[in-house]
Amino acid sequence: MATVLPVYPTTRRNVELVLVVAAVLIACGAWAVVGLTEHGSLPGGLFAYGGGLGALAVVLHLVLRWRAPHADPVLLPVATLLNGLGLVMIHRLDLSEGTSAASRQFVWSALGIAAAGALVVVLRDHRVLRRYTFTAMVAGLVLLLLPLVPVLGKEINGARIWVGIGPLSFQPGEIAKIVLAVFFAGYLVVHRDALSLTGPKVLFLRLPRARDLGPILLAWAASVGVLVLQRDLGTSLLFFGLFVAVLYVATERVSWIVIGLGLFAAGAVFAATTMSHVRSRVDIWLHPFDADNADSAYQLLQGLYGMASGGLLGTGLDRGRPDIVPFANSDFVYASFGEELGLAGLFALLLLYAVLVERGMRTAIGVRDGFGKLLAAGLAFSVALQVFVVVGGVTRVIPLTGLTTPFLAAGGSSLVSNWIVVALLLRISDLARRPAAEVRNGPEPGDTGVTQAVRIP
Amino acid sequence: MNRPLRRLSAVVAFLFFALFASTTWVQFLRAGELNAMPGNSRQLYAEYGRERGPILVGAGQAVAASVRVEEPGDSPYEFLRQYPAGPTYAHATGYYSVLYGAAGIERAMNDVLSGTADELFYRRLADLLTGADPVGASVTLTLDPEVQQAAWDALDGRKGAVVALEPSTGNVLAMVSSPTYDPDLLATHDLQAAREAWETLLADEDDPLVNRAVDALYPPGSTFKLITAAAALESGEYTTETPVAGPQELDLPQTDNTLSNDEGTACGPNDRVSLLDALRTSCNTAFGQLGLDLGAEALDAQARAFGFEQPLTTPLPVEESRFPEDATGPLLAYAGIGQGNVQVTPLQVAMVSAAIANGGVVMEPNLVANVREAKTLDVIAEPAPQEVGRAVSEDTADALQEMTRAVVESGTGTRAQIDGAVVGGKTGTAQRGEGQVPYAWFTAWARDEEGENREVAVAVVIEDGGSVDSAYGGRLSAPVAKQVMQAALDG
């Protein structure tokens, strides 16, 4: 009688736990350094904040053990570390500026992690979301347009991207990013054949049929609308870039990228020449040191000066003056880290983002259904594009826009929506990494082969 | 769909590569250039983020100190420079202003006060390794609080300057310049207020920002007769008893002008007077003639021997006192009595008296007693007394002591007499233009006859001495000098 011992799959949940603990310890260490530098003693909030963040992350980890045991083990630790470091920098800037943004950010962190946990519990299979493709489209458009509603919308720093209800402010665009990624994935997975296989061939490009141009023109119009009506360069760039990327993945046709880039270039040139808001942003980007731009380029320049003063290794936490830069804990949090943690610290942060995005792309490659592929790729790419737009703006790769640095920047909407992005990626990756037998039959206790376990009765 | 996903991953990699490159560009490749940008105020913030060492006088009394700004957010600067003794020490300490830089010791000793001096390299290294906040070193001044206060009180707000030196070391015991200013008004972080204070000070015709003790040049008037007398004695052809010509009027060569005495009489019977009496009564015609007899070269050499035309740093830079070496004819006669184009700083005049008291040796004036490391209080630097050189022989110094004592005992400077002390001095009334109030000078040295033989040398100049004829140095400035010397001898 042959006996085959059960082979337990490597879910890597223990690795995740170790990494989560390490992430929390790093954040606690940074928090302690700030306190030691500022007061010469361990700060009082260390156990409240550090313990709180640790407890939240461990609870989410336990939720994953329960409901998504095969999920990617790196996503949660990376997000926890970024969130923790963001809290430290916000707290550190609170000390300099006499504000109290860290406690609010902590509440938002808790809400974000709770939302992520709830999503993993409620959403047993991401493919359910396909059913809501057009609901997502409507919701996305409504969310995008919400700031334009007279009473609700609020204009902050020249961009009308906020919704205010009483004392609460929210950037619906952050949530719209996720909802639209669901819509793009759901729509394109259905229409990809039509979009990819037909159409005239010109030179080496197979152009789409005229009637198939509808969706991309619609997306383009919507993003230009956001740009014109809300004057938000970043959001507009993010949506359009997200759409073109998902379109390319769905159709595998380079022509879509060419068309997309062409449309984007046209829109950008149009905006840069006709809209004073955009024109001044471009002018600041090209000539930040001009005396004429002294006032408008102040923030960008202070950010650059701060980063330059940080050099290779930085001044050390709480030893620099990042508080000189306006919006040091949100739009320019990257410069704040650059000043105090130096080039080394920024490379570490960029690598964390790169790992996060890479795990997302790997999930997209690993998952078997087209909708999951497009959704994971869209979400991962949106994180990459957002980091690129923000950091590129701060370091003068592109003009400065009003996007937030994922997980690091102070701001509830951004934090909660990024945790939801991570939750979706975790959910999809659970399916991507689950052994095939389980995928087909649903998870069964006992059926735990690495790839396809054969059970001998 | 995996092929486009891999391509998209490559695009993502490219995006991140761009960010790595741009971050390196800002943080490393262009960092030096960005740090040096004129609009970059971070160097200033860094400077104000370090605790600057205090400036102390006497037994650790702070006349300039940095205090941490209490409320974060109130000011972009962490430390505020404060001057507890305010205007009294303003010209010694100088100011330390966000907008207008630094002056005085704040400027001259900036590298040790800020902690960036080479001597502090190992401390900085230790701070870097232990993570301690770097702190600047403290500078203790030679100024004696008692003497400084006496000088301040005695001058009583009149326009002018007082300098007191310790003859044997050159240590500056008092340095007062009036009118003065409040350095706190310039050091404030309220930049608008600082700007207004600065504009007001600049607009003031009396130049309160100028340290008259070392930066202002005055005609020395009759105090220069000390140098003419020294040159005469050094020539070997004169003693204190040598009779010199002291007529009522001295015919000046090459012109119809004459030089006359203040009283309008001859200085002695038969127009002759001993060198000692000529100095005692401040006889103009005698010293005019001496100037003509000795010649510009000898006077210039003697003036240089006392410190003229030499760069002095106390460490405050001192304006060089000047003698017109090419003076001939009437100008030479005028130069002999300290008029014409002779120009001196009050510090230089004090140095002359100090050299006379010190047996003829001129000491380099010095304001810094020591520099101490902030945490351990180790002395990092303690300037040793430096000789500028020998101005006159010991015999000449003795003779000059005798002559100056006569001035105070029975001459023009009787108001400077101090009970229980030997005092020698010289008055001066320096003319400047028609109808303008002359400068009232007095310079003196004093030695405690009992006690520890403490010595002090002073120079006092008062610019606005009241009416034209009351500005006799003996009347106005000698009492000031007396009070300062008394404070120094008591201390």
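**Close-ups of a two-chain predicted model**

Figure 1. Helices (H or I, at least four residues) and strands (E, at least two) are DSSP runs, numbered from the N terminus. An axis here is a line fitted to C-alpha atoms, for helices over the stretch in contact, and angles run from 0 to 180 degrees between N-to-C directions. This is a predicted model, where local features need pLDDT of at least 70, side-chain atom pairs count only at pLDDT 80 or more, and totals for chains, interfaces and linings use all residues. Residues are numbered from 1 along each chain as its sequence is written, while chains are lettered from A and ligands numbered from 1 in the order in which they are written.

**Figure 2. Five strands of chain B make an open sheet.** Follow the antiparallel sheet in the order 8-7-21-20-19. At its edges sit strand 8 (172-178) and strand 19 (421-430) of chain B, each pairing on one side only. Neighbouring strands in this sheet are turned by 10° against each other on average, direction ignored. Two strands pair if DSSP finds at least two bridges between them. Strand 7 (residues 160-165) and strand 21 (residues 455-462) of chain B are joined by six bridges, and Val162(B) has Val460(B) as its bridge partner.

**Figure 3. Strand 16 of chain B pairs with strand 6 and with strand 17.** Strand 6 (residues 138-141) and strand 16 (residues 368-372) of chain B run antiparallel, joined by four bridges. Strand 16 and strand 17 (residues 379-381) of chain B are antiparallel too, with two bridges. Look for Arg372(B): it stands opposite Ser138(B) and also opposite Val379(B). Strands 16 and 17 of chain B form a hairpin with six residues between them, and Leu377(B) in the turn has a positive phi of about 65°.

**Figure 4. Helix 2 of chain A has buried residues along it.** Helix 2 (residues 45-67) of chain A has 23 residues and reaches 32 Å from its first C-alpha to its last, close to the 33 Å expected at 1.5 Å a residue. That expected span is 1.5 Å times one less than the number of residues. Its buried residues include Tyr49(A), Leu53(A), Leu56(A), Leu60(A) and Leu64(A). A residue is buried if 20 or more other C-beta atoms lie within 10 Å of its own, exposed if 12 or fewer, and partly exposed in between, with C-beta atoms placed from the backbone. Among the elements covering these buried residues are helix 1 (13-39) and helix 14 (412-433) of chain A.

**Figure 5. Helices 13 and 14 of chain A cross.** The axes of helix 13 (residues 370-394) and helix 14 of chain A come within 10 Å and cross at roughly 145°. Contact residues include Leu375(A) and Leu379(A) of helix 13 and Leu424(A) and Ile428(A) of helix 14 of chain A. Two residues are in contact if their C-beta atoms, placed from the backbone, lie within 7 Å.

**Figure 6. Ala301(B) sits in helix 14 of chain B.** Ala301(B) counts as partly exposed because it has 16 C-beta neighbours inside 10 Å. Ala301(B) and Glu325(B) are 24 residues apart in sequence and 8.7 Å apart in space, C-alpha to C-alpha.
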